[in-house]
Amino acid sequence: MRYTPSRRAALALAVSMAATAALAACGTGGGDASGELSKDPVTLRFTWWGSDARHQRTQQVIDLFQKAHPNITVKGEFKEWNGYWDSLATTVAANDAPDIIQMDELYLASYAERGALLDLGTASKHLSTADFDPNALGTGQIDGKQYALPAGLSTYAIVVNTDLLAQYNVPLPDDSTWTWDDLKSIGAQVSKASGGTVTGVQSWGFDAGGVNIWARQAGASLYDAEGNVAVPPQVLASYWQYLSDLAKEGVAPAPSVTIERAGAGLDQSGTATNTSAFATWWNTQLTSLAAASGKNLKLLRLPGEAQTAGAYYKPSMFWSVSSRSEHPAEAALFVDFLANNQQAAEVLLTDRGVPANPKIRTAITPKLTATDKAAAEFLDSVTVSEPPRVTPNGASGIEGILKRHTEEVLFGRLTPQQAAERFIAELQAEIKAA
């Protein structure tokens, strides 16, 4: 399921309120993650969100693990996204958290900074991260401690409908050199050739990925190391000015269409409905987009990367271990199985994104569908640098704030500069209030 910014913001607020009360009870007090594995029977609880297909695949992996470790029983506790975070906050408050937790980047700091998660670096005897890229590991680190291990990775990309380009005789751009001005120019060619029935670009501005990339390419960052908003107002203003220009020049849809699509599911997007030729997406969304579109879609590197690289790894989700677990060594062993075992990977495939372990990624690539294989190969082709600072505690509602300010700019109710100043002030206030 694709969660809209407003929906994610509402969930973020609920989680933040619950976590404020719940995590006050947190602290250390679990077992020794560096100790020996028990020879006695051990029961672990493992929680995750997802679809029925994910539940089935995950249970198969649990069965494989239990077969290899007969004295360890893993009990699954799975939920839909909507109820997952309230349930997790409640169990943490009651000092009854599951041993292994499927974690999301937006909420990682909320739990880690209040002592609810184990530093996985203390469990290196049972959990190996040797095969992971340091830039992938960095996505789960706060203050130098590894509170989460990425299960899957993605990176921001441009998805282009090559069938539409062929239809309108527009050449495929060279993504090793192109700029944001090139995207606007090529998009304008599509809009003109189609007579307005297809826009060259699907507007964005509703997720943190786009802002992070724009800031990084400008030599800035959204947050500083202390978790304060650090992006200069003029950088944000240039971001919204670009999006506003796309709409005004007919390169992107009218604001009303853009806002309607932003609040709908992936299958209603300009890419899925073949009404926009270029769009920003995470590379791992290619399979769903291709299925909805029925056309030939291709992943391109972001404009501007040849000038100043901004690409980074985004975790699809993480594996974390409760700091209160009575069996952290065994919990770490199970995370090691999820992250490093090829048998497990051949069951999970890309259900939780393109595997973060590059050796595992290479091993399963031949078994993937054509679009999943393209997503995996694209991930390996992109040069990434150190990831952005983990979303600070209090900032998990960023996408709701982004959406409102993007709407205000597109409809002309705020200038890009005004939106930038107000966005920074509001987001900083949320962080301080947390």
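Modeller: A salt bridge is counted here when a side-chain nitrogen of Lys or Arg lies within 4 Å of a carboxyl oxygen of Asp or Glu. The model is predicted, so to speak of a local feature requires a pLDDT of at least 70 and side-chain atom pairs count only at pLDDT 80 or more, whereas totals for chains, interfaces and linings use all residues. Residues are numbered from 1 along each chain as its sequence is written, and side-chain values use heavy atoms, with hydrogens and water left out.

In general, side chains of opposite charge can pair when their charged atoms come close. Helices (H or I, at least four residues) and strands (E, at least two) are DSSP runs numbered from the N terminus. Glutamate 36 is exposed, at 62% relative accessible area, while lysine 125, at 48%, is partly exposed. These classes take under 20% relative accessible area as buried, over 50% as exposed and values in between as partly exposed (1.4 Å probe, protein chains only).

Aspartate 96 and arginine 45 form a salt bridge whose closest N and O atoms are 3.1 Å apart. Aspartate 96 belongs to the loop between α3 (81-93) and β3 (100-103) and arginine 45 to strand β1, so that distant parts of the chain, 51 residues apart, are linked. The relative accessible area of aspartate 96 is 41%, which makes this residue partly exposed. Arg45 and Asp96 also belong, with Glu77, to a network of salt bridges.

Aspartate 245 and lysine 184 provide a further example, with 3.9 Å from N to O. As aspartate 245 lies in helix α9 (residues 233-248) and lysine 184 in helix α7 (residues 180-193), the bridge ties together parts 61 residues apart in sequence. Lysine 184 counts as buried, at 17% relative accessibility.

Tryptophan 49 and tryptophan 81 make an edge-to-face pair, 5.0 Å centre to centre with 85° between the planes. Tryptophan 49 is in strand β1 and tryptophan 81 in helix α3, 32 residues apart. The rings of tryptophan 81 and tryptophan 85 have centres 5.7 Å apart and planes at 75°, so this pair too is edge-to-face. Tryptophan 81 and tryptophan 85 are four residues apart in helix α3, which means a separation of about one helical turn. Tryptophan 49 is buried at 7% relative accessibility, and tryptophan 81 at 3%. A single aromatic cluster is formed by Phe46, Trp48, Phe65, Phe78, Trp319, Phe334 and Phe337.

Threonine 129 is partly exposed, at 28% relative accessible area. Its C-alpha lies 8.4 Å from that of leucine 149, a residue 20 places away in sequence. Apart from neighbours within four places in sequence, threonine 129 is in contact with Leu137 and Leu149, contact being heavy atoms within 4.5 Å.

Asparagine 274, although not a glycine, has a positive phi of about 60°; asparagine 274 lies in the loop between α10 (255-262) and β9 (276-282) and is buried, at 17%. Leucine 349 likewise has a positive phi, near 50°; leucine 349 is placed in the loop between α13 (342-348) and β12 (354-355) and is partly exposed, at 21%.

Methods: Phe/Tyr/Trp six-rings, centres within 6.5 Å; stacked < 30°, edge-to-face > 60°.
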